[in-house]
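Here is a brief report on one protein chain. Look over the sequence and the model before reading on.

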Amino acid sequence: MISEQKLKWLEAAYLYYLHPEHGELISDAEWDYIGNEICKEENREWEKSLFYMKETDYPQEIRDKYK
């Protein structure tokens, strides 16, 4: 199960990278903060940018929300 914080972060990425017509969900500062917290929780660094995620890589609930 994805935490609420991570889901918000992924939703922000989904909008920013794939559907900018919906506007931004969070500020850059909040984006960085949440990303850093997720990395701490998962005890790792991100291997690559979320820029490279395909639409189908995002949770279904996010994709459904912006159909």
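## An exposed lysine and its partner

Lys67 counts as exposed, with 82% relative accessibility. Exposed means over 50% relative accessible area, buried means under 20%, and partly exposed lies in between (1.4 Å probe, protein chains only). Lys67 forms a salt bridge with Asp64, and the closest N and O atoms are 3.5 Å apart. A salt bridge here is a side-chain nitrogen of Lys or Arg within 4 Å of a carboxyl oxygen of Asp or Glu. Asp64 is partly exposed, at 37% relative accessibility.

## Basis of the values

This is a predicted model, in which local features need pLDDT of at least 70 and side-chain atom pairs count only at pLDDT 80 or more, while totals for chains, interfaces and linings use all residues. Residues are numbered from 1 along each chain as its sequence is written, and side-chain values use heavy atoms, with hydrogens and water left out.

## Fold and overall dimensions

The chain has three helices and zero strands. From the N terminus on, the order is α-α-α. Helices (H or I, at least four residues) and strands (E, at least two) are DSSP runs, numbered from the N terminus.

Along its principal axes, the C-alpha trace spans about 35 × 25 × 20 Å. Take the contacts between residues at least 6 apart in sequence: 64% of them join residues at least 24 apart. Contact means heavy atoms within 4.5 Å.

## Surface and charge

Buried residues make up 33% of the 67 residues. The accessible surface of the chain is about 5000 Å², and carbon and sulfur atoms account for 49% of that area. Areas come from the Shrake-Rupley method with a 1.4 Å probe; for residues, only the protein chains shown count as cover.

The chain carries 9 positive and 16 negative side chains. The centres of the two sets lie 5 Å apart. Lys and Arg count as positive, Asp and Glu as negative; His and the chain ends are not counted. Each charge is placed at NZ of Lys, CZ of Arg, CG of Asp or CD of Glu.

How many salt bridges does a search of the whole structure find? The search finds five. One of them joins the side chains of Glu42 and Lys6, at 2.7 Å from N to O. Glu42 sits in helix α2 (residues 28-42) and Lys6 in helix α1 (residues 4-18), so the pair links distant parts of the chain, 36 residues apart. Lys6 is buried at 18%.

Glu30 forms a salt bridge with Lys8, and the closest N and O atoms are 2.7 Å apart. Glu30 lies in helix α2 and Lys8 in helix α1, so this pair ties together parts that are 22 residues apart in sequence. Glu30 is partly exposed, at 30% relative accessibility. Lys8 is partly exposed too, at 33%.

## The loop between α1 and α2

Leu25 lies in this loop. Leu25 is partly exposed, with a relative accessible area of 37%. Which residues does Leu25 contact, leaving aside neighbours within four places in sequence? They are Lys8, Glu11, Ala12 and Leu15.

## The loop between α2 and α3

Asp57 and Tyr58 are both found in the loop between α2 and α3. Helix α3 covers residues 60-65. Asp57 is partly exposed, at 44% relative accessibility. Asp57 and Tyr14 are 43 residues apart in sequence and 9.8 Å apart in space, C-alpha to C-alpha.

Tyr58 is buried, with a relative accessible area of 2%. Beyond its neighbours within four places in sequence, Tyr58 contacts Leu10, Ala13, Tyr14, Tyr17, Leu18, Leu50, Met53 and Arg63. Tyr58 and Lys6 are 52 residues apart along the chain, and their C-alpha atoms are separated by 11 Å.
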